[in-house]
Amino acid sequence: MEFRKFDTKVQYLKYKVLREVAKEAWEDTLLENVMSIPQTIVPGKTPTMRCCVYKERAILGERVKIAMGGDKNNPNVIEVIDIACDECPAAGYEVTDSCRGCLAHRCEEACKRGAISFDHNHVAHIDKTKCVECGQCAKVCPYFAIVNRKRPCQIACKVKAISINEDNAAAIDNSKCIQCGACVYQCPFGAISDKSYILNVIDLIKKSKQNTEYKVYAIVAPSISSQFTYGKLGQVIKGLKELGFFTVVEAALGADMVAQAESKELSEKGFLTSSCCPAFVQYIKNSFPDLLPFVSHNLSPMATLAKYLKTTDEKAKVVFIGPCTAKKAEARLDTVKPYIDEVITFEELQALFDSKDINITTLEEDVLDNASYFGRIFARSGGLSDAVLEGLKEQNIDFDLKACACDGIEACHIALLKKRKNVLDANFIEGMACVGGCIGGAGCLTHGEKNKAGVDKYGKEALEKTISDAVSILK
C-alpha cells in the first residue's frame, strides 16, 4: 500500500493533501479546484478519521492552506491547526483510579495552593482553577496515583515552546520555538504541521521553461540515502530530473567545503560550536545568546554549496531537498536568502513525484557522485566531528580535537550549559537538534536505526576518498 512509504498514517494524510495541491498546480487549475480537494480525499458520507465527514473536510481545508504556504502573518514555519487539536485529554496532573482514598493525605499537605480536596470516599480531586502544575502532589503519593498527562507535542518539544491555550489547543511560543518539527512528527492527529512551499518550487520549474530561461538546481541532503528505500538512489536522482530539475548536486559536497573551513576556523579560535543545524543555532540564539560568539562563522553545507552554484551560474535557482523543517526557516534568513530559493522535505518530494505520476522504481539509474565519505556522513550524529578531524589531518593542522557530539536538543542543552559554566571537557560542540542527526528529521519518510546504516553505506560508496579530493573539483 502507498502509505507503507511512510512511518505513520498521519504522514500519509499530509502527503495526500500535498499531492493533490501539486497536481492542480502543475495543471494551472489550483485556484478553481482548491475548494474541492477535501472532498476528493474524503468522498462519500462515511467518516474515516473523525466524528463526521464534515469535520474531516474542514480540517482538510486547513491542511490545504498549509500546503499552499500557510498563514503569511505567522513567521514560524510550524503551524497549529486549531480545529484538529481537540482530541487530546486535558493536559496536566490528574488523579487516577489508583487513588486508594488513604488517610495520610500527603498530596494535600504537599499542595501549597489548596487545589486538592477529597470526596466522601476520601478519593483525591484536583481543582484545575487553583492547580499550578508544580507536581508536588504526584511526588509524594505512595500509590503513584497522580500522573501528569502531558500531550505528545509537549513531550516532543524539548525547548518548552508549546503550551495549551484557553480553547484547549496547542499554542507555539515563537520566541522559544526552534522550528525543528519534533512536535509535527509526534502529534498523533497531525494537528501541527510545517508550512509547505511546493507551489513556489513548481512555479520555479515551470517558469524556467525546461531550464532555458534559467537552470533549477536541486541540492539533496545526504540523509536521502536512508529514504525512498522502495527504489534505488540513482532512480530518485533520475526522478528529480524528470520533475524538471536541471541537475542534482549533493549537499554533502557543501559539507566537505564546511568541514575544511570549519577545522581551520576551530584551530584558529580554539573553541567552536557547529553551524550546520539551523535549529541548534536558533536554540543558541534563544537560550544561550552569550555563547553566540562561539558559533562557527561558516554557512551551513546547504547555503555554502548554493553560494558556490550561484557564483558559477548567476541565473541559477536553487532548491534544497532534505529531512528538515528548520531549513525552511534558515532559507529565509538574510544571510542565506540570496543563495537558496526554496526548501522542501522528503515528504514533499514524494508528493511531487506522485503528482506527476513518476514511479521511480520504473526509471533507469542516474549518478550522484560529487562528495567524499566525510561529507556524506554529516547526516548522522557524530559525522560532522569525524569530518572536522579529517579536515585537520588533511590540512596538516596540529590541533588536538576534543569533540562533543550532541545527539538531540537535550544533549545540546547539557553541553551548552557546561560550556557556560566552563566545565565542558571539549573544544568543539557538534549540535544536532534531532535525535540521530538529520536522519531523525521531521521531514523524513521513515525514521529508525536502519537509517544510520544506510548513510554509512552510502558514505563508503563515495568515489572521492578525501575531503580535499572532493573540494578540488570546485577549483
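**Exercise 1. Find which residue of β13 stands opposite Gly322.**

Solution. Gly322 stands opposite Thr345 in β13. Now look at the strands. β12 covers residues 317-322 and is joined to β13 by 4 bridges, and the two run parallel. Strands are DSSP runs (E, at least two residues), and helices are DSSP runs too (H or I, at least four residues), numbered from the N terminus. Two strands pair if DSSP finds at least two bridges between them.

A word on the source. This is a predicted model, in which local features need pLDDT of at least 70 and side-chain atom pairs count only at pLDDT 80 or more, while totals for chains, interfaces and linings use all residues. Residues are numbered from 1 along each chain as its sequence is written, and side-chain values use heavy atoms, with hydrogens and water left out.

**Exercise 2. Decide whether the residues of β9 are buried or exposed.**

Solution. Use the cut-offs: buried is under 20% relative accessible area, exposed is over 50%, and partly exposed is in between (1.4 Å probe, protein chains only). In β9, 5 of 5 residues are buried. Next, sort them by direction. Val216, Ala218 and Val220 point one way; Tyr217 and Ile219 point the other way.

**Exercise 3. Describe the lining of the largest cavity.**

Solution. First, the term. On a 1 Å grid over the protein atoms alone, a cavity is a set of points where a 1.4 Å probe fits but cannot get out; lining residues have an atom within 4 Å of a point. The lining has 25 residues, and Cys276, Cys277, Lys327, Phe378 and Cys438 lie nearest the centre. Next, find the helices. α11 (251-269), α12 (278-287) and α13 (301-312) each supply at least two lining residues. α11 gives the most, with 3 residues.

Notes:
1 Å grid on protein atoms, 1.4 Å probe; cavity = no way out; pocket = protein on both sides within 12 Å on 5 of 7 lines; lining within 4 Å.
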